[in-house]
Amino acid sequence: MKLTVWTYEAPPHVGAMRVATAMEGVHYVLHAPQGDTYADLLFTMIERRDHRPPVTYTTFQARDLGADTAEIFKDAAREAYERFDPELMLVGASCTAELIQDDPGGLAKALNLPVPVVPLELPSYQRKENWGAAETFLQLVRALARPREGARDPDAQPSCNILGPTALGFRHRDDLEEIRRLLARIGVRVNAVAPLTARARDIARLGEADFNVVMYPEIAGPVARHLERVCRQPFTKTVPIGVNATREFITEIGALSGLDVADVLAEGAGRLPWWSRSVDSNYLTGKRVFVFGDATHAIAAARIAAEELGFEVVGLGTYSRELAREVRAQAERLGLEALITDDHLEVEDAITALAPELVLGTQMERHIAKRLGIACAVISAPVHVQDFPARYSPQMGFEGANVVFDTFVHPLVMGLEEHLLAMFRDDFEFNDSAVPSHLASEHAVARPEPAPAVAEAAAPASAADTAVLERPAEAGVGWTPEAEKELGKIPFFVRGKARRNTERFAQERGLASITVETIYDAKAHFSR
């Protein structure tokens, strides 16, 4: 057994809790010792839900191990039913309780409870959280869902199920609303959503839809394949994160539903395409990016970074071993070798070796990037409380693409600002030890006096001084008209500094005149 401080995924019984907590009228009886109740914190503190998960723990103690722990489970299950009156019960064991080899499914069956009871067998030492959520969802569908009876009414509006959103999912709540809007705009009726907001009767009627929309393959993939086999329902293969993927998703929905989606495609693609074309090329183009997360979000982020924002993806990986093949395929398209691991130390080594300018990862990579001084944005679970914003913040659909643009670009220093920071890093006013300008009056005494040469350079505060800064160089280096025009594009408050640095650059190299190329060579020199 390997011990680690951080893990990307919790044990599979936490995945089962994500499904139970997402649904309504469901209760989960978990055979678990004292201490395993920590899982409640994930939902009440991280996700900030207004109620605790619908879970009853048996909370047996060490002294109970010498007695009958099976009877403790039966009492807990019976009392949970009487207290919460659920429509459906899930029963299972935590990783620790698994070792004592009680049989929660068999014990619950012996109680003859008057509601459906779905036993969960989740091998805690071989599997992880997302697999636990997928397996729980699959067991629910196998137990309750049935194929549609009779032929489909040819005049009925096309319908679909939306599969995959759970509790404690990264932006699942907002993604679901965005998908609902897209389907409504296309003209597809939503038959059921599961697991989020679903009741047992909603699971039972999944077979009535014409097709399924798979939002998160890690969780909904096994269910979609089961329904395709049993209920003859095709399902979507494209996850609509990013403009291009959203367009492909809409086209796929049109093919599955038989509806014309030309108007929806013609409505536009949000602001991402225009914004990504409008910003300074230094802002986006060629930025070296490392991507790591669950498979769904890592694949989508790598595609957006490469196709829609002009980044150079230098690393791509996932901790979702069940979908490693899909991530490897995406990495191969980008000319990379995928990093498939759940060891955060391997991920840290990869980031350190590649030295990217931006990391798109999880909460784990956020810590790593901060320590290495690299810009970072969170794109996937595991996440922190701040990744459950109160505002509407989807990742999917065209509005999600706008959110993704902000998420990816805002951590970067704007190209012009980056240039200015480099040029001014030794300036008396902008160096690291300078007091912020808005505090100058209160801290005037504490500020160090500038050196005479610097003080002379610091003099411009009036229009006349600015004019002095903008006059041609007196050191014998002339400016071509084109270079003067290019210099004029730089904001006035830094133009003098840019002129002085460019002239110094030209003098040091013995140049007789300054051209447009000299300006940018100087910029590149001082930006190093």
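A cavity here is a set of grid points where a 1.4 Å probe fits but cannot get out. The structure in these views is a predicted model.

**View 1. The largest cavity of the predicted model has a volume of about 50 Å³.** Searching the whole structure for cavities of 30 Å³ or more gives one. Rolling a probe the size of a water molecule over the atoms shows where empty space is left.

**View 2. Residues lining the largest cavity include Ile241, Ile379 and Gln395.** His297, Ala300, Ala301 and Ile304 are also part of the lining, as are Val404 and Phe408. Two elements, helix H14 (295-307) and helix H18 (397-409), each give two or more residues to this lining. H14 provides the largest share, four residues. By class, seven of the lining residues are nonpolar and two are polar, with no charged residue.

**View 3. Helix H1 (residues 12-22) packs with helix H6 (residues 129-144).** Two packed helices are described by the angle between their axes and the distance between the axes. For H1 and H6 the angle is about 50°, and the axes lie 6 Å apart. H1 is therefore oblique to H6. Their crossing is right-handed.

**View 4. Residues in contact between H1 and H6.** On the H1 side, the contact is made by Pro12, Val14, Gly15, Ala16, Arg18 and Val19. These meet Glu129, Asn130, Trp131, Gly132, Ala133, Thr136, Phe137 and Leu140 in H6. The contact of H1 with H6 comprises eight nonpolar, four polar and two charged residues.

Definitions and conventions. Residues numbered from 1 in each chain as written. Predicted model: local features only at pLDDT ≥ 70, side-chain atom pairs only at ≥ 80, totals over all residues. Heavy atoms only, no water. 1 Å grid on protein atoms, 1.4 Å probe; cavity = no way out; pocket = protein on both sides within 12 Å on 5 of 7 lines; lining within 4 Å. Points joined across faces, edges and corners; volume = space filled by probe spheres on them. Nonpolar A, V, L, I, M, F, W, Y, C, P; charged D, E, K, R; others polar. Axes fitted to C-alpha atoms, helices over the stretch in contact; angles between N-to-C directions. Parallel < 35°, antiparallel > 145°, perpendicular 65-115°, else oblique. Left-handed = near helix turned anticlockwise from the far one by under 90°. Contact = heavy atoms within 4.5 Å.
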